[in-house]
Amino acid sequence: MDASQLPDTETQESVKQLGIFDCEEAYKTPTSVDYENLFNSGMIVLDTNVLINLYRSNERTRRDTFAVLYRLQERLWIPHQVLSEFWRNRDLPSVKGHHRAKARTACTALDKALRSLSDAADRWLKDVHLDTDDAANQRIKGYRDRIEGSVEEMKRYIERQAESDALEGTDSTHTDPILVQLDPLLLGRIGSPLPPEEYAEAVAEAKRRADKEIPPGYADYASKSDDQAAGDYIIWKQVIDEAAKIRNDVLLITGDVKEDWWTPRAGQNLARPRMELRSEMRKEAGVELFMMTPSQLLAEASSTFKLKVDERSVSDLASRERGVDFDTLPAILRNAILGAIEAAHARATTVHQVSGLKARSPYGLTMSELVMEELTQRVATIGGDALNVHGMRYPIFDGLLLIPMRTSPGHESTRMLSSQRLKRVGSVINASRDMLNFNDVPLANLTPIVVYYSSSPDSGVEFAYAVMGNFDARGNFDIELRFSLL
C-alpha cells in the first residue's frame, strides 16, 4: 500500500521510515557539532571524581580545568550525592596531601635504591678481594659520590615540584583554593538531596539492580558497604530526575572508567556509555545521554571555545582515566608477581599429587600460602620490603603494597575485594595514617594493589589480574584502576 492509499486519518508524515540507527542498541559516534550543542544548551553534570581530582592535579592542569568549567558555568549541574561524596573524601590524605605524599614515596624509593647500589658495590669489592685496595676503593667512591649527588639533585627537584603543585591553605575551608573557586562556580547549580524515605528506597533499589548487574554502580558492591556502593545509582537517579524536569540532553563528565558506566573499548573504537544507560535516560527523561572523561572535556572544550588549554593537562588527566590494559606496574615487579604465582602453582601441584586427595585436596590452601611466600621472597630480592599485618607479611615495592588473593575458577573475582583479610589490611593502613613506622613513610602513603588469580591442579594458572586503589576512611577498598597481568 502506498501513501495515497492510506486512510484519511493517516498521512505520509505520520509514517516513520526506519533507518539503520532506529534500534535500542544502535549508537552514533558524537561529533564536534554534538558537543558544541551540549556546551551551549545541554545539562553538563560533573561526577565526584572530577571535583576530587582538582586536589590531585598539578597547578597547570587545575588552572586549565577551572578555565573550562567557568566557560561552561551556565550549563553545569551537580547532583547532591556528588556533593556528599566530595565532602566525605576531601579530607583523605590521598586527596589533600597527594603531591607531598607522592614526593615522599619517590624520595624514599630513591634513597633505598642508593643504599642498594652502595651495598652492591661493597659486596663486589669484597667478593673480588679488592676491599683493601686503595685504588679500587677510591674509584668506587668517586662513582658513588657522583651518583649520590645526582640522586640528591633529583630529590630536590621532586620536592620543589611537589611544593609547587601542593595546595596551601586546605586546612581551613576559608582559605582552601579549590573551595574558593568552586563556591562561586557551583552556586545555585546543586541539586536537592533525596528525602530520607526516598533515599532509603534508592539504596534498596541500587542493591536490587546490583544483584542483577544493571548499571551503573554494581561494581562498587565488591568493595564498599551497601550505603556507599549505592552512590553511583543515586547520582544516576538524581540526574534522570533533573533531566526529566528541564528536558535537556545530558553530558555526564566522569573519570570513572569501570564497566558499569562504559561499554569497553574494542580495538580502536571509542568507549561509549552503556546501552542500558542511554535507553533508560530516553525512557525516563525523554532526552539523550552523552558521556566524556575529564581529559576529553578539556580537549573538546578548548577547541570549541578557542581556549588555550595546555596539551600536557589533557595528557595528565588521560593518564588517570586509563583502566583495563593500563600497565602501571614496573616490569621487574610484574615479572616477580607472575613468577611467584607460577612457582607456587608448581609446588602446590606437587603437594596435591602426593596427597592423593581429590575433592579435599590441600591444593587451594597450599597455593595461597606459597604465593605469599614466593612473592615476598622475590620482591625482597629486587629490593623490596614487607609489611606485617596480623601475622601475614605483605610485600612492598616502590611504594606499592601487594595483596595477593586466590579466587576459585569461574568465581566473580571482584567480590574478593570484600574479604575480611583485605579489610584487616585497610584497618592497619588507616590506623597508621599519622605514624612514621615504615621506612619513615606513613603507611597511608602506600598504594595498595590487590593481585587476584585463579588456578587449579588440572588447568594451571587461569588468570591473574590486579586492581589498584585506596582504602577510604572506613577501610573499604576503592578501585581506581584495573589491569591484566597475563
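**Aromatic contacts and a buried leucine**

The charged end of Arg-71 sits over the ring of Phe-305, 4.0 Å from the ring centre; for this to count, NZ of Lys or CZ of Arg has to be within 6 Å of the ring centre and within 35 degrees of the ring normal. The model is a predicted one, so local features need pLDDT of at least 70 and side-chain atom pairs count only at pLDDT 80 or more, while totals for chains, interfaces and linings use all residues. Residues are numbered from 1 along each chain as its sequence is written, and side-chain values use heavy atoms, with hydrogens and water left out.

As for ring pairs, a search of the whole structure turns up five aromatic pairs. Phe-86 and Trp-87 make an edge-to-face pair, 5.6 Å centre to centre with 80 degrees between the planes (rings of Phe, Tyr and Trp, the last by its six-membered ring, pair if their centres lie within 6.5 Å; planes under 30 degrees apart are stacked, over 60 edge-to-face, the rest tilted). Phe-86 is buried at 3% relative accessible area, whereas Trp-87 is partly exposed at 41% (buried is under 20%, exposed over 50%, partly exposed in between, with a 1.4 Å probe and protein chains only). Ring pairs also bring in Tyr-55, linking Tyr-55, Phe-86 and Trp-87 into a cluster.

Leu-54 is buried too, with a relative accessible area of 1%. Leaving aside residues up to four places away in sequence, Leu-54 touches Arg-62, Thr-65, Phe-66, Ile-178 and Leu-182 (contact means heavy atoms within 4.5 Å). Leu-54 and Val-95 are 41 residues apart in sequence and 9.0 Å apart in space, C-alpha to C-alpha.
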